[in-house]
Amino acid sequence: MIDWSVKNRQNRNFNLRMHPAWLKRGGQVLWQHICHNSPWLLANDPWFETHPEYFSLFNGRRIPQEKEGGYLCTTHPEVHRLVADYIINWFDRNPEGDAVPISPPDGDVKWCECDTCMALGGVNFDPGAEGHMTRRQVEFINAVARLVAEKHPDRYIVNLAYSRYVWPYEGMTTEPNVINQVAHGYAGNGSLVHAIDTDWNADARDIFNTWSTSGGAGIGIWDYFILHVPDQSGSPLTPLGFGRVADRMVDFLEAFPNPYKVYFTQAGDDLHRHNPFLYYFLSRKIWDPDQTLETIRSDYATRLFGDAAEPAIAYLRLLDQAYADADWNPPIWREITVPSARVFTPAMLEEGFTLLRELQTLLPADAPALATSTAARMVQSLRYAETTVLPKQLVASDDGVWRLRRDPDHYEFNPGAPDNHADTWAHIRDLAVANNFMDASMERVLFRTRSRKEPVLWLENDRLRLGILPGVGGRLIRLFDRQHGENLFYEPLQLVSLQDPGATYFRYGGYEEYPRRDFASPGWELAMEPTFHQDATGRELLLEALTPEQIHLRRRIRVEAGDSPYVHIQTTLTNRGNTPFPAVIRVHPEFQLSGDLSQTALVWGADSGSSELRPATSLAAADELQPKGWWGLLNLENGRGVLNHFPAEDANTHVHLDRVFHSVNLELFGTPQTLAPGESVTLRHRYQVIATPDELPDDLRAKWEAASVREEAPLPGVAPVSGISGQGIRLLPVGTPQFGSLHGVLDTEGSFSIWAALDRRPEDETDAILFTAGARQPDYLVFAIREGKLVFYRTQRKDGPEVAYHAWVKVEADLVDWRPGEWHHLVVNWRRNQGGHSEVELFVDGARVIRRSDLNMNAFIQPMRLSLGWDSSNAERPRFPGKLDELRIFGFPLNEQQVRALFQTPDLLPDAAILHHDFEELEP
């Protein structure tokens with residue numbers, strides 16, 4: 001392997017970086033690390049304890065560096081000096097070293113919120129351009145690079161442009177000893193599996209070009225198209241036709257004028273057995289970028305198969321073309337190795353097998369073993385793709401999208417399947433078993449495409465109603481307290497489809513369990529057999545199943561009789577196989593107590609025996625809390641919530657916040673152990689539902705009362721001005737005024753009302769936005785004044801920018817006789833009609849100016865926050881050019897009389913509004 005890598009100049013194999021054999025063969029290109037290395041550059045130990053000011057200030061306190069945790073205070077001069085000292089010392093110790101990256105920990109880290117850092121822009125978790133951290137990272141790297149250049153002017157600093165710090169900004173420049181390496185997967189809204197010169201990657205090209213011209217020593221690329229991680233991705237058997245993708249990307253990089261070029265593709269170790277050509281091609285192409293794809297493809301096939309090369313060349317060309325032509329853009333790298341029916345069409349499969357049969361026929365009996373084994377693996381890979389996409393072709397929808405129907409009493413999988421579906425599905429399953437293709441990826445496809453209804457079973461007492469889906473991993477999907485009727489589990493009713501039913505994960509919501517530490521490990525979608533038991537003390541549901549790995553799952557769920565607020569859960573894993581099994585019971589429940597995550601608090605028991613409370617959004621790291629025997633969530637507005645009691649000695653905890661869906665995962669990890677055949681492991685815990693603060697322990701109730709009495713935070717990005725009634729607002733050039741999630745309102749019916757005064761005539765405004773929601777990924781909605789018209793626009797994208805929309809709405813009306821500075825009242829209504837279409841009405845100054853009832857407006861895929869006066873898809877666009885006042889949102893469409901009343905009396909009290917802002921509380 002090392003000989004091959006060195007001879008092909010692919011001698012920056014990160015997995016083999018420390019192998020002594022490199023020295024015997026001329027060494028290697030040596031970097032200190034590849035990325036996410038700031039915890040080395042300035043270590044938490046000892047610096048966090050002695051100088052916490054060197055680290056991120058987040059929600060008023062300093063936090064250490066870690067994945068999904070904190071970063072450094074990037075403007076602190078001592079941080080610059082210490083990081084530069086580390087890099088200088090590393091170069092001193094490694095005179096052959098080329099470069100040192102400066103890269104934050106992975107994940108959505110918390111950037112510093114000190115005044116100096118905030119002055120450079122960037123707001124943690126802001127969904128628009130206000131959330132970009134690029135300027136901070138560039139100025140930090142530049143400061144360090146200047147210090148390093150004083151001692152090592154011929155060495156390089158690598159800036160990985162990634163995540164929230166990939167987007168360029170106006171006037172951006174980097175020092176002459178900085179290499180800007182751009183992560184393709186985060187550069188714009190493009191495609192990992194289409195060539196860089198296609199329309200899919202127009203944004204990515206612009207971003208690369210801007211980084212290339214920003215100065216610095218060079219330009220680099222971090223690619224993802226052959227990335228595969230076991231237990232997280234699809235199958236390594238999947239044949240990948242990305243020769244053209246690799247070819248165009250290397251040509252794209254080579255054409256930049258920068259003197260230093262870096263090409264890095266994050267690859268999977270398991271893929272090379274079934275996709276060796278891509279590895280061969282990249283090595284040859286990077287060695288000599290002038291070589292063409294056709295030349296290298298022909299060379300590869302001729303060297304490997306000799307006189308049988310022609311069908312192999314044609315097959316590799318066919319595979320490439322199938323991917324290039326496919327209307328397919330996987331949303332994440334994990335899905336790249338999940339075969340798509342859009343790529344592996346019946347025609348493509350037929351032609352592919354014909355070419356591979358010809359290849360095997362032409363190979364002589366004495367052909368080298370490598371040739372025959374490679375040909376056999378090519379057949380095996382294509383057969384795997386065929387077997388995987390067959391059930392996808394059974395998807396019972398005209399557009400090829402897999403769907404799930406979530407009803408109150410059942411979940412319906414793949415609704416509308418034909419009568420012969422069961423027989424065809426069984427045949428495909430038998431085919432997968434016969435070919436030894438029944439891996440986790442295939443199990444997912446077959447589980448989701450089998451047309452059926454999975455019933456919701458109920459465990460109840462006088463206080464609780466617990467809804468359980470035995471057929472979908474035995475998950476708990478609903479937890480109702482009869483006192484308030486709210487479901488404490490998060491059941492994402494709007495998520496009802498997948499572009500590819502083989503996707504590695506589908507978000508059912510609720511409570512699910514895994515038998516291993518790996519996320520969504522085998523068993524989480526497994527059908528479980530239910531049995532009810534009842535006695536005088538309560539009722540329980542026993543769920544049992546056997547995983548493909550021969551692990552027996554046994555889960556007892558019990559509610560006590562009467563008005564008990566407790567749900568008891570006991571899970572046992574037993575190894576029924578013949579080999580040891582590394583097991584850990586992982587509990588993965590998802591809760592949502594409010595449509596606004598800032599209204600949810602984490603509570604837990606501390607070492608001292610006292611209760612602790614903290615707003616969920618202030619959490620700095622997933623493992624920051626160390627509860628002793630219990631923890632939970634409370635709604636800060638009403639004191640409702642749920643507590644989880646568990647044996648502290650048997651479980652560890654992990655928190656995940658979803659800032660898009662406003663949900664929280666409170667995970668438990670049991671004690672890891674290896675189960676010998678016949679051995680078992682058990683985890684017990686219970687949930688306690690809290691209906692009112694009076695049910696809390698005294699000290700926790702006091703903390704809740706203190707936390708719930710909070711002054712409303714000032715609205716960012718606005719300045720108070722005179723309004724139509726009292727005080728109104730004008731938007732500032734920076735800041736992003738937003739309001740809570742409107743999911744549900746935007747989906748079905750509602751109304752938006754506002755008073756507006758433009759600085760200019762409507763016909764002179766190209767984009768005077770009143771409100772938006774979404775970021776075109778995939779949802780977007782806007783209400784604006786554009787070129788003399790009042791416009792309501794709504795889209796929901798399918799899978800890629802060139803694909804037709806699921807939903808598309810545009811309603812507009814002319815605005816006439818408006819004078820600059822003059823106040824006008826604007827209303828938009830939307831509703832779903834019984835016939836399935838949507839209706840939208842626009843009102844100006846109390847009168848309806850247009851109504852359309854022939855529109856398509858589907859449910860939003862993601863819950864969205866209202867963005868007032870700016871574009872949530874691009875915060876750099878101009879803010880509303882004028883004044884706004886009396887904002888109202890209603891959960892129903894207003895009638896003409898109600899609209900007229902709001903026009904005639906601007907400060908009319910909106911008793912039925914779900915959101916009302918008169919802006920009177922803003923400080924003048």
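This briefing covers confidence, cavities, strand pairing and selected residues of the structure above. The model is predicted. Its average pLDDT is 89, and 91% of the residues score at least 70. There are 3 cavities of 30 Å³ or more. Strand β6 is largely enclosed by the rest of the structure, because 6 of its 6 residues are buried.

**Confidence**

- The protein averages a pLDDT of 89. A score of at least 70 is reached by 91% of the residues.
- Residues 798-805 stay under 50 in pLDDT. The model has 20 contacts for this stretch beyond four places in sequence.
- Where pLDDT is low, predicted coordinates should not be read in detail.

**Largest cavity**

- Three helices each supply at least two lining residues: α10 (276-287), α12 (309-325) and α14 (369-392).
- Helix α12 gives the most, with 4 residues.
- By class, the lining holds 11 nonpolar, 6 polar and 1 charged residue.

**Second largest cavity**

- The second largest cavity has a volume of about 50 Å³.
- Its lining consists of Glu 513, Tyr 514, Pro 515, Leu 553, Arg 555, Thr 571, Leu 573 and Ile 585.
- Strands β15 (511-514), β18 (551-560) and β19 (566-575) each contribute at least two of the lining residues.

- β6 spans residues 218-223. All 6 of its 6 residues are buried, so the rest of the structure largely encloses this strand.
- Both faces of β6 are covered. Gly 218, Gly 220 and Trp 222 are buried on one side. Ile 219, Ile 221 and Asp 223 are buried on the other.
- Strand β5 (residues 178-183) runs parallel to β6, and 5 bridges join the two.
- Ala 183 stands opposite Trp 222 of β6. Trp 222 is itself one of the buried residues of that strand.

**Hairpin β11-β12**

- β11 (residues 457-460) pairs with β12 (residues 464-469) in the antiparallel sense. The pairing runs over 4 bridges.
- The two strands form a hairpin, with 3 residues between them.
- Leu 457 has Ile 468 in β12 as its bridge partner.

**Backbone geometry**

- Asp 45 and Pro 46 are joined by a cis peptide bond, with omega at about 20°. Pro 46 lies in helix α4 (residues 44-50).
- Phe 125 has a phi near 70°, a positive value in a residue other than glycine. Phe 125 sits in the loop between α6 (115-118) and α7 (134-151).
- Asn 414 also shows a positive phi, about 50°, although it is not a glycine. Its place is the loop between β9 (410-413) and α15 (421-434).
- Asn 414 has a relative accessible area of 2%, so it counts as buried.

**Two prolines**

- Pro 733 lies in the loop between β31 (727-731) and β32 (738-741). Its relative accessible area is 70%, so Pro 733 is exposed.
- Pro 733 and Glu 544 are 59 Å apart in space, C-alpha to C-alpha. In sequence, 189 residues separate them.
- Pro 615 belongs to strand β23 (residues 611-615). Its relative accessibility is 33%, so Pro 615 counts as partly exposed.
- Leaving aside neighbours within four places in sequence, Pro 615 is in contact with Thr 600 and Ala 601.
- Pro 615 and Arg 383 are 232 residues apart in sequence. The C-alpha to C-alpha distance between Pro 615 and Arg 383 is 52 Å.

Key: Residues numbered from 1 in each chain as written. Predicted model: local features only at pLDDT ≥ 70, side-chain atom pairs only at ≥ 80, totals over all residues. Heavy atoms only, no water. 1 Å grid on protein atoms, 1.4 Å probe; cavity = no way out; pocket = protein on both sides within 12 Å on 5 of 7 lines; lining within 4 Å. Points joined across faces, edges and corners; volume = space filled by probe spheres on them. Nonpolar A, V, L, I, M, F, W, Y, C, P; charged D, E, K, R; others polar. pLDDT = per-residue confidence, 0-100. Contact = heavy atoms within 4.5 Å. Buried < 20%, exposed > 50% of the residue type's maximum accessible area, 1.4 Å probe, protein only. Pairing = 2+ DSSP bridges.
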